[in-house]
Amino acid sequence: MYIVLDNFKKQNIIIGNKTKNSIMYNSNYYNLIYSDELCTLNTIIFYFYCDNYININDHKLFFSLNKNQEIIKKIKNIEFNILNCFSSDKIPIYNIYNSIVNNLIKLENNSKKINNLYLKISGIWENEINYGLIYKFFT
C-alpha cells in the first residue's frame, strides 16, 4: 500500500521507540508508522508519476529538475514535516531532497523505462550530531 504525495498528513506520523541502529555505526534508529482511519503502515511508501526524467544509468535516476519542480517541492515538504515530528536537539539532514537536487537518486531496482516511482521511508536515524530519514527509491 502506498500514499500519493498529495494525500500525506503529518498528523498521521507516529515515531516508534529508539533502538540501536545495526547499519550505521554509533547511531540510533526510530521506526515510523503512518496511521489514519483506514489503515496503519509500518513503513511509508509514497507513489508519484514521473515522465520527466533524463535517463537511467546503472541504477541511477537523473531527474529533469526544471520539469519536476512540483514533485520535488512535495517531497521536500514531506521530508521536512516528518523530521519536524521528531524531537531532537541535533541538526536535521535532508538527504532525500539533497539527493534529488544533486541528481544522486539511486534506484533499488533497475528499469530502462519508468514512470511510476516509489519512495519508501522506513525510519529515522540519529547520531551524536545529526538525524535524517532512512529511505529508498524504487520503480
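Predicted model: local features only at pLDDT ≥ 70, side-chain atom pairs only at ≥ 80, totals over all residues.
Reader: What makes F137 count as buried?

Author: The relative accessibility of F137 is 1%. This value is under 20%, so F137 is buried.

Reader: How many aromatic pairs does a search of the whole structure find?

Author: The search finds nine. One of them joins Y30 and F86, whose ring centres are 4.8 Å apart with the planes at 65 degrees. The centres lie within 6.5 Å and the angle is over 60 degrees, so the pair is edge-to-face. Y30 belongs to strand 3 and F86 to the loop between helix 1 and strand 8, so the pair ties together parts 56 residues apart in sequence. Y30 and F86 are both buried.

Reader: Why is the pair of Y135 and F137 called edge-to-face?

Author: The planes of Y135 and F137 stand at 80 degrees, with the centres 6.0 Å apart. The distance is within 6.5 Å and the angle over 60 degrees, so the pair is edge-to-face.

Reader: How do you know that strand 10 and strand 11 pair?

Author: Two strands need at least two bridges. Strand 10 and strand 11 have eight, in the antiparallel sense, and therefore pair. Among the contacts, L119 has F137 in strand 11 as its bridge partner.

Methods: Residues numbered from 1 in each chain as written. Heavy atoms only, no water. Helix = DSSP H or I, 4+ residues; strand = E, 2+ residues; numbered from the N terminus. Phe/Tyr/Trp six-rings, centres within 6.5 Å; stacked < 30°, edge-to-face > 60°. Buried < 20%, exposed > 50% of the residue type's maximum accessible area, 1.4 Å probe, protein only.
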